[in-house]
Amino acid sequence: MMKVLDTKLCLVLSVLCSVHFLVQFSHGGEDTIHRSQFPEGFLFGTSTSSYQIEGAYLEDGKGLTNWDVFSHTPGKIKHNDNGDIADDHYHRYLEDIELMSSLGVNAYRFSISWARILPRGIYGGINAKGIMFYNKIIDNLLLRGIEPFVTMHHHDLPQELEERYGGWLSPLIKRDFVHFAKICFESFGDRVKYWTTINEPNLFTEMAYVRGTYPPGHCSPPFGNCSVGNSDAEPLIAMHNALLSHAMAVHLYRNHFQAKQGGTVGIIANTFMYEPLRDEECDRLAADRALAFIIAWVFDPLVFGDYPIEMRNILGSRLPRFSSNEKSLIKGSLDFIGMNHYSTLYVKDCSCSACSSACSPAGDHAIRGFLETTGFRDGIPIGDLTGMPRFFVVPRGMEKIVDYMKTRYPNMPLFITENGYSAPPKQDAALHDFLQDFDRMKFHKAYLAALLRAIRKGADVRGYFIWSLMDNFEWVDGYGTRFGLYYVKRQTLERIPKISVKWFSSFLNFSTLTLENDLSKQDLKEQI
Ligand code: FCB
């Protein structure tokens with residue numbers, strides 16, 4: 001008798017749970033979000049970068065980039081993948097713009113390949129076919145009501161600049177970058193209203209000069225064993241040159257273009273959120289230090305005119321100094337802040353002997369701010385795992401990082417220039433598994449809900465871009481890590497919509513989400 005009752009109870013409960021889930025998912029759940037809840041004029045877009053999608057790596061006069069050379073070096077990229085063809089966006093840009101138009105986005109963030117415009121940097125001429133390519137992209141976007149949001153440098157640099165003077169390690173890069181920026185403003189500035197100078201200087205300097213996993217592959221112990229490099233000094237020098245290059249390009253824009261063209265210029269940083277690993281004061285301070293060493297490292301100089309005090313206190317004279325002229329050049333050289341946000345990590349202090357047991361040699365290093373980051377507490381991940389070892393699903397981090405930026409940089413407009421999800425690797429995954437990307441959809445709904453909470457508390461957030469429009473070349477991970485709303489079949493390069501395309505376009509095109517336009521009943525049933 002008891003057993004029969006139990007079974008019946010279980011059945012009733014499971015039906016109730018499914019119904020509750022269905023209702024929550026489609027109508028009234030905490031994570032239910034509508035486009036109309038976001039501020040007037042909010043930009044909703046997708047994001048890509050030149051090397052990751054364009055291909056055509058030696059076509060129509062393009063010069064070689066640092067990534068062309070690096071990815072052709074055996075062993076540097078998973079499966080020795082490279083961006084020679086990538087998504088062949090160079091030839092399929094019209095189709096891709098159609099995809100965006102049917103999604104209903106009102107903005108598209110992409111980057112310009114420096115070596116397509118200036119194959120040899122300042123040491124050669126302008127490649128007219130490169131200019132033509134981006135003109136066609138910009139014009140076709142505008143025809144469909146999509147705002148171009150353009151990044152000038154997204155990791156790919158003309159190889160000649162690397163070979164002649166060491167790229168970002170040399171102050172000569174400033175003159176080269178301003179030359180490139182000037183050509184961009186002259187050629188595209190009549191139509192581009194949103195410029196960002198450099199994507200994630202805090203990430204590429206770490207990868208290129210601390211760990212040596214991005215070109216030019218420099219590092220030194222305890223961070224790695226490269227044949228060249230100094231992990232203690234080079235990232236600081238490269239960042240210094242990047243910040244000054246940014247500021248000089250903004251100065252040029254403000255003095256010669258902004259009044260006529262009416263655009264704005266920002267810079268983009270990689271912005272993890274950090275939480276203390278243990279409920280202890282030293283870990284709380286370490287989490288604050290992580291924010292300063294990784295995020296404020298980029299924005300403090302550009303907003304206030306100098307590096308964060310937290311860095312100066314630890315690094316002293318190893319941290320480069322800005323001259324007084326440079327300080328006045330960099331201070332205030334931002335119209336807005338661009339944030340790429342994916343995840344949150346725990347932080348453990350390595351500075352005070354009382355609580356810094358068992359830090360790795362890298363964590364014990366000043367350049368890291370005497371701290372260590374991890375995604376696990378007592379073996380339990382901070383959020384669901386993804387396809388990237390250091391990316392976990394932690395929606396609350398979106399709200400917290402926006403709060404942090406609002407507090408540290410009051411009155412700065414913010415754009416979430418990247419946010420996205422790649423699924424954990426699955427043995428023998430079939431096409432169907434990739435296309436049924438409910439986890440991606442849930443990820444975006446939860447992160448957007450968190451963003452909305454931050455906006456309601458007063459953050460001036462003006463846009464949100466999904467990384468990425470389509471699966472693409474994910475740097476050292478090659479093509480195996482897929483962030484796209486569209487699946488790209490590697491053999492044919494066909495773009496196939498995943499379930500999240502349905503969700504995103506419903507979100508963008510209907511002011512109220514109902515069961516019918518959020519997702520079809522069938523889709524929801526499949527998930528349950
Ligand atoms: C960011 C990069 C972007 C992409 C995503 C997953 O750090 O800016 O190009 O690789 O990560």
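Author: The ligand takes up the space of the largest pocket. On a 1 Å grid over the protein atoms alone, a pocket is an open set of points where a 1.4 Å probe fits, with protein on both sides within 12 Å along at least five of seven lines. A molecule sits in a pocket if more than half of its atoms lie within 2 Å of its grid points.

The model is predicted: local features need pLDDT of at least 70, side-chain atom pairs pLDDT 80 or more, while totals for chains, interfaces and linings use all residues. Residues are numbered from 1 along each chain as its sequence is written, and side-chain values use heavy atoms, without hydrogens and water.

Around the ligand (a heavy atom within 4 Å) are Gln52, His154, Asn199, Glu200, Asn270, Asn340, Tyr342, Glu418, Trp467, Glu474, Trp475 and Phe483. This shell divides into 4 nonpolar, 5 polar and 3 charged residues. Here Ala, Val, Leu, Ile, Met, Phe, Trp, Tyr, Cys and Pro count as nonpolar, Asp, Glu, Lys and Arg as charged, and the others, Gly among them, as polar.

Now the polar contacts (pairs of N or O atoms within 3.5 Å). Glu200 places a polar side-chain atom 2.6 Å from a ligand oxygen. For Gln52, a polar side-chain atom lies 2.8 Å from an oxygen of the ligand. In Glu418, a side-chain N or O atom is 3.0 Å from a ligand oxygen. On its own, the ligand has 300 Å² of accessible area (Shrake-Rupley method, 1.4 Å probe). The protein covers 97% of that area.

Methods. Polar contact = N/O pair within 3.5 Å; in protein donor to acceptor, adjacent residues only side chain to side chain. 1 Å grid on protein atoms, 1.4 Å probe; cavity = no way out; pocket = protein on both sides within 12 Å on 5 of 7 lines; lining within 4 Å.
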